[in-house]
Amino acid sequence: MNISDPIADYLTRIRNAVSAGHDTVNIPASKLKTEISRILLREGFIRSMDITGEAPKQVIKITLKYGPDRESVITGLQRISRPGLRKYVNADDVPRVLGGLGIALLTTSRGILTDREARKSRTGGEVLCQIW
């Protein structure tokens with residue numbers, strides 16, 4: 001199956017799993033999706049991630065994180081830059097998500113960074129998505 005926007009597919013799979021109350025979600029692996037998953041783990045939005053399978057058919061297994069009353073830590077995911085309309089920002093225009101409660105992911109010359117890391121390193125780039 002040929003997917004024209006793999007990041008939108010990644011976000012949609014997580015959004016659907018959260019809304020259905022699933023504990024885990026399996027996503028076809030790529031370097032970009034793996035790095036986004038590592039950032040989500042580091043920022044505390046997911047409980048864990050594992051990469052399983054052999055090279056051409058690897059899968060990222062993401063364990064979602066829920067609060068004590070089974071409310072999801074991830075309340076929203078939004079794709080910003082998409083194949084039909086790319087969204088680039090300078091270092092001065094890096095967006096803040098809910099006043100710092102969420103994160104924006106940017107792909108830069110230094111790799112994938114959160115909005116805080118991009119502001120700190122004075123780096124702009126393409127705004128991939130926002131997660132809160």
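1. In what order do the three strands of the open sheet lie? The order is E1-E3-E2, with antiparallel pairing. Strands (E, at least two residues) and helices (H or I, at least four residues) are DSSP runs, numbered from the N terminus; two strands pair if DSSP finds at least two bridges between them.

2. This is a predicted model, in which local features need pLDDT of at least 70, side-chain atom pairs count only at pLDDT 80 or more, and totals for chains, interfaces and linings use all residues. Residues are numbered from 1 along each chain as its sequence is written, and side-chain values use heavy atoms, leaving out hydrogens and water.

3. Strands E1 (24-28) and E2 (46-52) form the edges of the sheet; each has a single partner strand, so one side of each lacks a neighbour in the sheet. On average, neighbouring strands are turned by 20° against each other, direction ignored. Axes are lines fitted to C-alpha atoms, for helices over the stretch in contact, and angles run from 0 to 180 degrees between N-to-C directions.

4. Six bridges link E2 to strand E3 (residues 59-64) in the antiparallel sense. Ile46 has Leu64 in E3 as its bridge partner.

5. Helix H1 (residues 6-20) packs on the sheet and touches E1 and E3, where contact means heavy atoms within 4.5 Å. The direction of H1 makes about 165° with that of E1. Helix H2 (residues 31-42) lies across E1, E2 and E3 and runs at about 150° to E2.

6. Strands E6 (residues 103-108) and E7 (residues 111-114) pair in the antiparallel sense over four bridges. A hairpin of two residues joins E6 to E7, and Leu105 stands opposite Thr114 in E7.
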